[in-house]
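Biologist: Hi! Could you walk me through this structure in plain words?

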Amino acid sequence: MEFVHKPIMLSQCLEALKIDPLGIYVDGTVGGAGHSSEIAKRLEHKKGGRLLCLDRDPDAVKVASQRLSEYKQASVHHRNYSDLVCLLKELNINGVDGVLLDLGVSSFQLDCAERGFSFRLDAPLDMRMSKEGISAKDVVNGYDEARLANIIFTYSEEKFARKIAAAIVRERQKAPIETTLELAEIIKSAIPAAARREKNPCKRTFQAIRIEVNGELEHLKAALDSVFEALNPGGRLAIITFHSLEDRIVKQKYKEWCKGCTCPKDFPVCVCGNKPKGKMTPSKAIEASKEEQEQNPRSKSARLRVFEKL
């Protein structure tokens, strides 16, 4: 199956990064190289322009390496974006001028049945972006009922989380839950009939399990400060999120970086010495255009937030 990657908000991302042809940039989630290809075109290799492309998915690394092979200014690395600082040290790079993180699951991962991400396609339960570590099957069959319910509710805000967790535990006592469609049917059976009439009644639970399997929020939280420190003055960090949990983490971190003096309001002068580290530009999240949302439904939930380091 071809690794399809429709780059979300491509023009907005390129504008957000303010690409300098001589600068050093990072695509921390290269996927099918949709964004990276366009960034690479704008960099001058002979004058020092450089693009580092990272991905934890070995399939993405293979495909991106092929698609970017014509660009000497681009290199592809099998790394999680949370390892960026370590990679920069290995490459003797002191700072970068822009970082793009597209936190969404790629179309290939969702549409390739054997990867086990989709509740519409029958496949072994997997959902591992890196193809390593615990799988969705391990989570579904190994976590106790309380832990399952907590994960489903916390990572998806699914109001029927307890019922779904109870149904999973009840069914796995009969036999291990092996496939995506098995899990989807169990989820549907635990949800009241009115809620089952929703377009995607399994979407939230599958999202929660995927987040748990891949440690997505932990990687994001761990990476933000280190990625910020890797930016050169004036460098920009552009992050595309696809659900409220990711967006909340990014938004709160950006606001923290924008915050200056933390002294009590009644202090006549500042004694903390804290200054803003940068600014959000623009101050609100950017959304895909109506045209893009019509052409690519997966862009409907996307939010792009941009931060510029002072």
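Modeller: Happy to; here is a short tour, from the overall build to single contacts.

Modeller: This is a predicted model, where local features need pLDDT of at least 70 and side-chain atom pairs count only at pLDDT 80 or more, while totals for chains, interfaces and linings use all residues. Residues are numbered from 1 along each chain as its sequence is written, and side-chain values use heavy atoms, with hydrogens and water left out.

Biologist: Thanks! How many helices and strands does the protein chain have?

Modeller: There are 14 helices and seven strands. Both are DSSP runs numbered from the N terminus: helices are H or I with at least four residues, strands are E with at least two.

Biologist: And what box do the C-alpha atoms fill?

Modeller: Roughly 60 × 60 × 40 Å, along the principal axes.

Biologist: What share of the residues is buried?

Modeller: Buried residues make up 53% of the 310. Buried means under 20% relative accessible area, exposed over 50%, and partly exposed in between, with a 1.4 Å probe and protein chains only.

Biologist: Let's switch to aromatics. How many aromatic pairs are there?

Modeller: The structure holds six aromatic pairs. One of them joins Tyr254 and Phe307, with 5.4 Å centre to centre and 45 degrees between the planes, so it counts as tilted. For the cut-offs, rings of Phe, Tyr and Trp (its six-membered ring) pair if their centres lie within 6.5 Å; planes under 30 degrees apart are stacked, over 60 edge-to-face, and the rest tilted.

Biologist: Where do Tyr254 and Phe307 sit in the chain?

Modeller: In distant parts: Tyr254 is in helix α13 and Phe307 in strand β7 (residues 303-309), 53 residues apart. Both Tyr254 and Phe307 are buried. They also belong to one aromatic cluster with Phe228 and Trp257.

Biologist: Which charged residue sits over the ring of Phe228?

Modeller: Lys309, with its charged end 4.8 Å from the ring centre. Elsewhere, Arg147 lies over the face of Tyr143, at 3.7 Å from the ring centre. The rule is NZ of Lys or CZ of Arg within 6 Å of the ring centre and within 35 degrees of the ring normal.

Biologist: New topic! How many salt bridges does the search find?

Modeller: It finds 20 in the whole structure. A salt bridge is a side-chain nitrogen of Lys or Arg within 4 Å of a carboxyl oxygen of Asp or Glu.

Biologist: Are Arg210 and Glu216 buried or exposed?

Modeller: Both are buried, and they form a salt bridge with the closest N and O atoms 2.8 Å apart. Glu185 and Lys188 form another, at 3.7 Å.

Biologist: Why are Glu185 and Lys188 about one helical turn apart?

Modeller: Because they are three residues apart in helix α9 (residues 180-190). Glu185 counts as partly exposed at 49% relative accessibility, and Lys188 is partly exposed at 30%.

Biologist: Which residues are linked in a salt-bridge network?

Modeller: Asp57, Asp59, Arg115 and Lys131 are linked that way.

Biologist: Last one: where is Val271?

Modeller: Val271 is in the loop between α13 (244-258) and β6 (278-280). At 60% relative accessibility, Val271 counts as exposed.
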